[in-house]
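Please keep the sequence and the model in view while reading.

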Amino acid sequence: MAVLLVLSLTPGTAAAAVSTAPASAAEPYCYEEPSQPQADVSDLKARFTSANWMQTLQAMYKRRWPSGEALAIAQAKDPYWNQFVRKNSFEAFAESMMVAIHEETHMWDLDPSRTRWNVHTAAWIDASRQATAVPLHDGFARKEILPLITDKLSDSMDGIYLRDRTQGDYHLQGVLAELNAGLTGLPAVTVVQEYIKGVGASNARDIAATNLRYLLLYLRVAKDRHATYWARIKNEPKLRELVLTQFLRTAYWLEKSAPYTGKLGSVNADKITATNYSPQNIAILEEFTGRKVRVDTQKHCTT
């Protein structure tokens, strides 16, 4: 059974980072980041041991996904890595990267030097871009979005994140944090997919699609039921920029990982994505961000 991840509230340690992102600029914008999934890592596989896993991790991503290398360097001293990384074989190691990178993203994002729960948040996006001091203005319980989910496509995750007594009461902070972690866990395994033999990363695409679903529905409920809160967050440029970037970034990595459905996600991931592009969801995204997004084959772009 694929692993379902729950937001960790225990922060790690990491190097500070500053970000710049043109996502809110008036001209058309496409989310992209460097990756070379065909780069040769056979020498790293041959030399892999349980003792050199961190050096291997950094070298592997240096060649294939520089954002992963940068995150690993930033989080290298975090003691929680050992809970997430499997070291008995290179294949197990590669498979465990979905969990490891997902959780280390939480550690970076939720470090108290960057995040004050429900007040402002941070997000490791890629090697050159990290959102910091993004205002949240508290919010409302994310379980309020449940009536808008009328299918069973995300039911297993809905049970954890929305119906659970604790998780369901998390506000916008929890929604954004899970989405961001999912959007690093997905590329982490996409770029090493040929080494993944088990099921430990088999819901990576579902996690990204589902957490984007939650964000879009959260915005709809905010507008419909929490007018004062909606007005406050809609007046925050950094938050609008982050939401736009994450929408485009989800599209980017879901497209990159699409050939590996089955290994990195179920068929439900694409079905959830189709609902994310419903007229109501695109309308709330565009109203909130002030930008038009493409819904053709270039879904990672604005118009």
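Predicted model: local features only at pLDDT ≥ 70, side-chain atom pairs only at ≥ 80, totals over all residues.

Residues are numbered from 1 along each chain as its sequence is written, and side-chain values use heavy atoms, with hydrogens and water left out. Helices (H or I, at least four residues) and strands (E, at least two) are DSSP runs, numbered from the N terminus.

**Helix H2 and its cover**

- Helix H2 runs over residues 53–64 and has 12 residues, and the 16 Å from its first C-alpha to its last is close to the 16 Å expected at 1.5 Å a residue, the expected span being 1.5 Å times one less than the number of residues.
- The buried residues of H2 are Trp53, Met54, Thr56, Leu57, Met60, Tyr61 and Arg64.
- Seen down the helix axis, these buried residues of H2 fall within an arc of 160 degrees, so they line one face of the helix; the arc is that of the directions from the helix axis to the C-beta atoms.
- The cover over the buried residues of H2 includes helix H1 (42–47), helix H3 (66–74), helix H4 (81–84), helix H5 (90–109) and H7, where contact means heavy atoms within 4.5 Å.
- Glutamate 69 lies in helix H3 and is buried, with a relative accessible area of 17%; not counting residues up to four places away in sequence, glutamate 69 touches Gln58, Tyr61 and Lys62.

**Pocket and cavity**

- On a 1 Å grid over the protein atoms alone, a cavity is a set of points where a 1.4 Å probe fits but cannot get out, a pocket is an open set with protein on both sides within 12 Å along at least five of seven lines, and lining residues have an atom within 4 Å of a point.
- The largest pocket has a volume of about 210 Å³, and of the 13 residues that line this pocket, the closest to its centre are Ala251, Leu254, Glu255, Thr273 and Lys299.
- At least two residues of the lining of the largest pocket come from each of helix H8 (204–225), helix H10 (237–257) and helix H11 (268–276), and H10 gives the most, with 4 residues.
- The structure holds 1 cavity of 30 Å³ or more, and the largest cavity has a volume of about 40 Å³.
- Strand E1 (120–126), H7 and H10 are the elements that give two or more residues to the lining of the largest cavity, and that lining includes Asp109, Thr121, Leu176, Asn180 and Gln246.

**Residues in loops**

- Glutamine 193, in the loop between helix H7 (172–190) and H8, is buried at a relative accessible area of 15% and touches Tyr260, Lys263 and Leu264, not counting residues up to four places away in sequence.
- Asparagine 118, in the loop between H5 and E1, has a positive phi of about 70 degrees although it is not a glycine, and counts as buried at 16% relative accessibility.
- Histidine 137 also has a positive phi, of about 55 degrees, although it is not a glycine; histidine 137 lies in the loop between strand E2 (129–135) and helix H6 (155–161) and counts as partly exposed at 24% relative accessibility.

Note on methods:
Points joined across faces, edges and corners; volume = space filled by probe spheres on them. Buried < 20%, exposed > 50% of the residue type's maximum accessible area, 1.4 Å probe, protein only.
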